[in-house]
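Try each task before you read its solution.

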Amino acid sequence: MSDAGPTPGSQVDWRQDVFRILKEADVKHVVYVPDAGHSTAIRLADEDNAINSVVLTTEEEGIGYLAGAWLGGERGALLMQSSGVGNCINTLALQACTRFPLLMVVTMRGDWAEFNAWQNPMGQATEKALNLMGVLTWRADEPQDVAPLLHGAASMAFNGDAACALLLGQRLIGEKQWVK
């Protein structure tokens with residue numbers, strides 16, 4: 001095996017693609033609750049002096065933060081896990097009433113090969129719940145789909161003042177293992 005770096009389509013590429021697309025979309029604020037699935041984008045945002053990387057206590061705080069960033073003339077993105085979507089349902093009314101751009105990237109749980117039964121209910125309801133709140137959604141299950149789908153979501157959010165979410169399927173992240 002060569003150590004020339006990741007091959008196209010590998011997990012490392014899609015994880016880096018998330019950050020690359022956010023940079024290309026001129027995102028200046030990355031807000032998140034820590035999540036292993038977003039660890040690469042979070043690390044890269046933390047290392048980038050042009051980005052305000054903000055750790056949240058709960059996911060719904062990110063919606064208000066991003067509304068404020070937009071009022072200040074800057075773009076942002078909320079990175080979260082599907083379990084956090086349930087925390088955001090009421091706060092999504094802010095976007096529905098004010099129509100500011102809201103871009104979310106959601107790593108899925110309660111999806112393929114989930115070991116934790118507590119993740120299943122919200123994981124199975126995530127896309128429907130977002131759609132009920134007026135959020136446009138796309139789902140990426142293959143590494144090569146992440147960049148074009150996130151680019152499209154960012155374009156629709158920032159050019160159309162829409163709420164958009166890219167759902168990153170659990171198959172992208174890999175099967176989680178219960179560790180004792």
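**Exercise 1.** Find the element that holds Thr40, and decide whether Thr40 is buried or exposed.

*Solution.* Step 1: Thr40 is in helix 2; helices (H or I, at least four residues) and strands (E, at least two) are DSSP runs, numbered from the N terminus. Step 2: the relative accessible area of Thr40 is 14%, so this residue is buried (buried is under 20% relative accessible area, exposed over 50%, partly exposed in between, with a 1.4 Å probe and protein chains only). Step 3: leaving aside neighbours within four places in sequence, Thr40 is in contact with Arg15 and Gln16, where contact means heavy atoms within 4.5 Å.

Two notes before you go on. This is a predicted model, in which local features need pLDDT of at least 70 and side-chain atom pairs count only at pLDDT 80 or more, while totals for chains, interfaces and linings use all residues. Residues are numbered from 1 along each chain as its sequence is written, and side-chain values use heavy atoms, with hydrogens and water left out.

**Exercise 2.** Work out what surrounds His38.

*Solution.* Step 1: look in the loop between strand 1 and helix 2, where His38 is found. Step 2: His38 has a relative accessible area of 2%, and therefore counts as buried. Step 3: list its contacts, not counting residues up to four places away in sequence; they are Leu79, Met80, Val105, Val106, Thr107 and Leu168.

**Exercise 3.** Which strands pair with strand 1, and in which direction do they run?

*Solution.* Step 1: strand 1 covers residues 27-32, and five of these six residues are buried. Step 2: strand 1 and strand 3 (residues 75-81) run parallel and are joined by five bridges; strands pair if DSSP finds at least two bridges between them. Step 3: strand 2 (residues 52-55) also runs parallel to strand 1, with four bridges. Step 4: take Val31 as a landmark, which stands opposite Leu78 in strand 3 and has Val54 as its bridge partner in strand 2. Step 5: follow the chain from strand 1 through helix 2 (residues 39-47) to strand 2, a β-α-β crossover that is right-handed (with the strands pointing away from the viewer, the path from the first strand over the helix to the second runs clockwise).

**Exercise 4.** Which residues touch the most other members of the largest nonpolar core?

*Solution.* Step 1: a nonpolar core is a set of buried Ala, Val, Leu, Ile, Met, Phe, Trp, Tyr and Cys residues joined through side-chain atoms within 4.5 Å. Step 2: the largest has 31 residues, and Leu22, Leu103 and Leu168 touch the most other members. Step 3: helix 7 gives the most to this core, with seven residues. Step 4: Leu22 touches Val27, Val30, Ala77, Leu79, Leu103 and Leu150, not counting residues up to four places away in sequence. Step 5: a second, separate core has 21 residues, including Val31, Val33, Cys88 and Leu167.

**Exercise 5.** Is Leu132 buried or exposed?

*Solution.* Step 1: find Leu132 in helix 6 (residues 120-132). Step 2: its relative accessibility is 75%, so Leu132 counts as exposed. Step 3: Leu132 and Phe19 are 28 Å apart in space, C-alpha to C-alpha, and 113 residues apart in sequence.
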